[in-house]
Amino acid sequence: MATKEFKKAARIILVGAPGVGKGTQAERLMKRYPQLSTVSSGDLLRESVRNKTPLGLEAEAFIRTGNLVPNDMILKLILNELQSKRWVSSQSSVSDASPAQPSQNPSASFILDGFPRTAAQASRLDRLIPINLVVSLITPVNIILSRIASRWVHAPSGRVYNTAFNQPKVAGKDDVTGEVLTKRSDDDEETWKLRLRKFDETSQPLLEHYDRKGALWTVKGNSSDEITPKLFQELESRFA
């Protein structure tokens, strides 16, 4: 795959239902655009807890009691990461009334993963660092359900196969170990229909928020291969 260079910083969020292929698109974007990286709130949280940083210790206390980690704590983790890369001012803080002034250097481009999930979280993020492209990935529900029905996993490694488009070399066996593939316990149609309904309910206010900001762009397709070239074209028109 040929690579392309950005001329200004892209600050991206991918929004899509479970099974729509956000991970696939993120991987392809980072291969296409070497300046682009992922900032994952979940990874930052786990690393902070593992390293017993002050924020990590605070977060761990919430996790141990079964509570959600507060939005401000997640925002601090994200801000710390961006400041460590010098993508935003070291003077910025979560309590600032005005947004941080992010770097426009193309190397300060990222896909923010895992946050925000709600319109309220998005509003808090707006005051921290403005996102300049939110991609709504849409694939018909029947296609997603078909993908899930065809999905098999090698549980010990997490390797995923699909009998429709990513078959194992030997049917029913993991390519690396030769061990038997299995279905995930929650990969049944009714469970997935419920997950997709919940996603629609929670994502709509989030998408409306970014639509009002002028940052929302929607792309539709029946497969990742159908969506990817449209996504490349849009990013290149905006940032390359």
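**Entry 1: R11.** I started with R11, which is found in strand β1 (strands are DSSP runs of E, at least two residues, and helices are runs of H or I, at least four, numbered from the N terminus). I was looking at a predicted model, where local features need pLDDT of at least 70, side-chain atom pairs count only at pLDDT 80 or more, and totals for chains, interfaces and linings use all residues. Residues are numbered from 1 along each chain as its sequence is written, and side-chain values use heavy atoms, with hydrogens and water left out.

Is R11 buried or exposed? I found R11 buried (under 20% relative accessible area, with a 1.4 Å probe and protein chains only). R11 has no salt bridge (a side-chain nitrogen of Lys or Arg within 4 Å of a carboxyl oxygen of Asp or Glu). The nearest side chain of opposite charge, D126, is 9.7 Å away. What does the side chain of R11 reach? I noted the backbone oxygen of P130, at 2.6 Å.

**Entry 2: the sheet.** Next I traced an open sheet of 5 strands, in the order β2-β3-β1-β4-β7, with parallel pairing (two strands pair if DSSP finds at least two bridges between them). β2 (36-40) and β7 (216-220) stand at the edges with a single partner strand each, so one side of each has no neighbour in the sheet. I also looked up β4 (residues 133-138), which pairs with β7 over 5 bridges. In β7, W217 stands opposite V135.

Note on methods. Buried < 20%, exposed > 50% of the residue type's maximum accessible area, 1.4 Å probe, protein only. Lys, Arg positive; Asp, Glu negative; His and termini not counted. Polar contact = N/O pair within 3.5 Å; in protein donor to acceptor, adjacent residues only side chain to side chain.
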